[in-house]
Amino acid sequence: MTDIIEIPPALLPRDGRFGSGPSKVTDAQVDALVASQPGVLGTSHRQAPVKNLVRDIRAMLGELYALPAGYEVMLGNGGSTMFWDAAAFSLVRERAQHCAFGEFGSKFAKATDAAPHLGASSIRTVAPGGAVLPEAEPGIDVYAWPHNETSTGVCVPVVRPEGIGEALTVVDATSAAGGVEVDIAQADVYYFAPQKSFAADGGLWFAIVSPAAIARIDEIAASGRWIPESLSLKVALDNSRAEQTLNTPAVATLVLMRAQLEWMLAGGGLPFTAARSRASSDLLYDWAARTGWTETFVTDPGLRSPVVATIDLHQSVDSAELRRHLRAQGVVDIDPYRKLGRNQIRVGVYPAVDPEDVSRLVQSMDYLVERLLT
Ligand SMILES: *Cc1c(COP(=O)(O)O)cnc(C)c1O
């Protein structure tokens with residue numbers, strides 16, 4: 001390992017975790033985990049300590065998003081990927097429209113398109129790095145798009161398209177939720193997982209649902225459609241209202257999630273967290289603009305994600321080599337999305353990440369490249 005170029009300690013991020021998910025877990029969250037031993041950890045999810053934990057999280061998410069009347073917070077096991085399958089069973093009546101401008105939007109589109117009980121999905125696509133928005137179309141009862149496409153670093157507005165009648169807007173906020181402000185009334189379903197902006201661990205999904213979405217869940221459950229129990233949003237809704245999940249949740253993930261929500265709300269809620277991520281990503285985009293060997297991948301400044309920054313490197317700088325030197329010194333997970341196949345770095349700057357560490361990351365990369373190029 002002697003070929004590793006040593007970064008001076010003053011330039012090195014104090015915490016080098018910049019992954020897009022799982023992402024940096026804070027010390028305060030780990031302290032909360034320790035404090036939950038033995039009162040909560042290792043105890044029944046059907047008893048008060050864990051049910052209170054679920055109640056707290058649902059209430060805190062409600063506060064974070066200032067929920068409009070009738071909106072509810074649901075949760076279940078399996079992460080956002082499982083939620084796509086649940087949505088195909090419990091939210092889409094006949095046909096969905098999807099905006100697919102990256103890996104995650106495309107995956108959900110595939111899930112509804114392949115479902116034998118649904119009509120072929122309408123899929124709007126564009127080359128990675130760009131975005132396409134939903135548009136009213138006859139016969140569509142669910143409009144689905146990602147708020148933040150984590151694979152490309154593209155963030156789009158959450159606005160109910162005009163003229164869609166009683167169709168639902170179903171927004172993948174897996175990486176946006178907690179780090180990007182939103183008018184939640186524009187979404188009927190705003191779903192996410194804890195391992196991105198909430199700095200916790202994977203394996204669960206959360207969904208903020210409107211009265212219209214709840215009515216749709218009830219309607220489809222009553223329609224006689226066969227729905228596997230583990231993928232039924234009706235079952236998940238009933239359990240969520242009882243501060244439960246159908247089957248055993250990861251209790252530690254819930255503890256981590258509550259701790260981060262406490263920090264977010266104490267700091268001022270979404271305006272606070274979004275400003276912090278924005279400060280971090282602005283540091284990266286400004287650096288990319290002034291540096292000769294970098295270029296921001298997303299050319300439209302209005303689409304650049306405040307939580308996941310994607311930056312192309314000039315061919316003279318090998319991303320893998322740069323990342324090898326960083327990883328050896330604890331600066332990890334700025335790899336580009338694997339299927340994008342670009343000479344790129346992708347930096348997760350969720351609210352838990354300290355903007356000062358992003359500033360140090362930039363200085364560390366400048367330091368390395370100066371030496372790698374000579
Ligand atoms: C990470 C991610 C997912 C997948 O989340 P899992 O919890 O791993 O299933 C889906 N959508 C987006 C936008 C993501 O960033």
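Student: Buried area is the accessible area (1.4 Å probe) that two parts lose on being put together, summed over both. What is the area buried between domain 1 and domain 2 here?

Tutor: About 2,100 Å². Carbon and sulfur atoms give 65% of that area. Keep in mind that this is a predicted model: local features need pLDDT of at least 70, side-chain atom pairs count only at pLDDT 80 or more, and totals for chains, interfaces and linings use all residues. Residues are numbered from 1 along each chain as its sequence is written, and side-chain values use heavy atoms, with hydrogens and water left out.

Student: Which residues of domain 1 lose the most area to domain 2?

Tutor: Gly 153, Glu 181 and Trp 263. Together they make up 22% of what the domain 1 side buries.

Student: Where do the domains run?

Tutor: Domain 1 covers 27-266 and domain 2 covers 270-372. Those bounds come from an automatic or database domain assignment. The domain centres, taken over C-alpha atoms, are 27 Å apart. Domain 1 puts 28 residues into the contact and domain 2 puts in 24; contact means heavy atoms within 4.5 Å.

Student: How many salt bridges across that interface?

Tutor: One. The rule wants a side-chain nitrogen of Lys or Arg within 4 Å of a carboxyl oxygen of Asp or Glu.

Student: New topic, rings. How many aromatic pairs?

Tutor: The count is 12. Rings of Phe, Tyr and Trp (its six-membered ring) pair if their centres lie within 6.5 Å; planes under 30 degrees apart count as stacked, over 60 as edge-to-face and the rest as tilted.

Student: Why is Phe 83 with Tyr 191 called stacked?

Tutor: Their centres are 4.5 Å apart and their planes are at 25°, so the pair is stacked. Phe 83 sits in helix α3 (residues 79-90) and Tyr 191 in strand β8 (residues 189-192), 108 residues apart. Helices (H or I, at least four residues) and strands (E, at least two) are DSSP runs, numbered from the N terminus.

Student: Is Phe 83 buried or exposed?

Tutor: Buried, at 1% relative accessibility. Tyr 191 is buried too, at 0%. Buried means under 20% relative accessible area, exposed over 50%, partly exposed in between (1.4 Å probe, protein chains only).

Student: What about Trp 263 and Phe 272?

Tutor: Centres 5.1 Å apart, planes at 65°, so that pair is edge-to-face. Trp 263 is partly exposed at 30%, and Phe 272 is partly exposed at 25%.
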